[in-house]
Amino acid sequence: MKRTALAPLVLIVSLFFLWGVANNLNDVLIKQFTKAFVLTDLQAGLIQFAFYLGYFLMALPAGLFMRRFGYKAAVVVGLSLYGLGALLFYPAAQIATYGMFLVALFVIASGLGFLETAANPLITVLGDSRKSEQRLNIAQSFNPPGAIAGLLIGKYWILSGIEHSEATLAGMPAAEKAAFYARETQAATGPYVALGLFVLAWAALVALTRFPAAATAQPRNEGEALPWSEALVGLARNKRLIFAVLAQFFYVGAQVGVWSFTIRYAQEATGMGERDAADWVIAALILFMIGRFIGSALMSRVNPARLMAMFALACLALAVVAAFAQGYAGLVALTGISFFMSIMFPTIFAIGVKDLGPYTQTGSSLIIMAIVGGALMPLAMGWVSTVYGSMHLAILVPAVCFGVILAFSLSNARAEEA
């Protein structure tokens, strides 16, 4: 590797860390806002709905922007939106309305939509296409440390550990109750403002760093010069890409759903406090990180699609156990899912965009749009939990998602080994 390319590489790989922080702070916000705004599980699911809706709506505009201005410019715009959305937590806390926080999360996710649309395909095209799954898994291995950092920030700087029962709250004087809700509402402000300032500084650093021509030049290939609509029509005939979009929709929905409600599940299963329950999410992310490294290593020996099929089957089995087992047995099964989820996002992505050539950016946008699954599956889980009064049964929603991923994995494994 040339020394001049080291700084851009570090800056791009760091993006996987930075969006891990934002994604997993949401898992803490669900618990925090449930307490601060007295929300049902269905209402709390709107946090992920607003967040992942931003991905869905911004993926295609990000792809168009990238086609016109290149990867680097898309990264700068993405970081700028990310930082702006984090800073919006300050006025949201002053207004003290749930809806304003949702707007801030939507802006953050819009920025992340730009970042993921740019960074993922950039990693896959930098080298031998036969190693694209492994290369992207290695880059994505920096995402779990960011996710863990986000949860630690949430545990120690957002969650207060104060959880009043309904009876206690009902017996409080009005002024004391209002002060409690105000403190809980504003708890997230400081961490998010600090994060926003850091991300904006990182955007400036990216803007001032010299990148290789491939990251900054406008696409010159005839295929990328096609009108967007024609490119979409051409890609619609690619069955592997379409199946990858569907699989990514269900994978992200499963991942976000499992992590979003682990704290609620742990409290329902064992009665532990919110901070102790947050430790189980951290444990899940550590397993996720370990699984990513082990999975990346195994891909040099095992067909990536075949390996993902094995992991998907394990996730499906563990989700069924978590849905019906009680106490710590179910919680351990739910936590164990994260080890086997670890390779799914980058492997699905790399399989989907493999050999797309001049259409890689367009195909990337479609797969990033599928992240909207993270908006819908937590809502489905919240609905099941609210209607049936059981967070355990809600885990059957991600179980179905893992079934779809298993089918996608087996389909591609057979095709590649034929």
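Author: Start at Ala96. Ala96 is in the loop between α5 (89-95) and α6. Helices here are DSSP runs of H or I with at least four residues, strands are runs of E with at least two, and both are numbered from the N terminus. This is a predicted model, with residues numbered from 1 along each chain as its sequence is written. Local features need pLDDT of at least 70, side-chain atom pairs count only at pLDDT 80 or more, totals for chains, interfaces and linings use all residues, and side-chain values use heavy atoms, with hydrogens and water left out.

Ala96 has a positive phi of about 60 degrees, although Ala96 is not a glycine. Most residues other than glycine have a negative phi. Ala96 counts as partly exposed, because its relative accessibility is 40%. The cut-offs: buried is under 20% relative accessible area, exposed is over 50%, and partly exposed lies in between (1.4 Å probe, protein chains only).

Val38 also has a positive phi, of about 55 degrees, and is not a glycine. Val38 lies in the loop between α1 and α2 (41-44). Val38 counts as exposed, at 56% relative accessibility. A glycine with positive phi is Gly271, which follows α15, with a value near 80 degrees.

Glu116 is part of α6 (residues 98-125). Glu116 counts as buried because its relative accessibility is 5%. Its contacts, meaning heavy atoms within 4.5 Å, include Trp19, Asn23, Tyr55 and Phe345, not counting residues up to four places away in sequence. Ile368 and Ile371 are also among them. Leu197 is 81 residues from Glu116 in sequence and 20 Å away in space, C-alpha to C-alpha.

Thr189, in α11 (residues 189-208), touches Phe89, Tyr90 and Ala93, not counting residues up to four places away in sequence. Thr189 is buried, because its relative accessible area is 10%.

Now α15 (residues 262-270). Its buried residues are Thr262, Ile263, Tyr265, Ala266, Gln267 and Ala269. Their cover includes α1 (6-37), α14 (239-260), α16 (274-298), α17 (304-324), α18 (327-341) and α22 (391-394).

For contrast, take Ala415 in α23 (residues 396-417). Ala415 counts as exposed, at 57% relative accessibility. Ala305 is 110 residues from Ala415 in sequence, yet 9.7 Å away in space, C-alpha to C-alpha.

Now the whole chain. The protein has 23 helices and 0 strands. Of its 418 residues, 58% count as buried. Among contacts between residues at least 6 apart in sequence, 85% join residues at least 24 apart. The C-alpha atoms fill a box of roughly 70 × 45 × 40 Å along the principal axes.

How far should you trust this? The pLDDT, the predictor's confidence in each residue from 0 to 100, averages 87, and 91% of the residues score at least 70. Over residues 220-224 the pLDDT is below 50, and this stretch has 10 contacts in the model beyond near neighbours in sequence. Where pLDDT is low, the predicted coordinates should not be read in detail.
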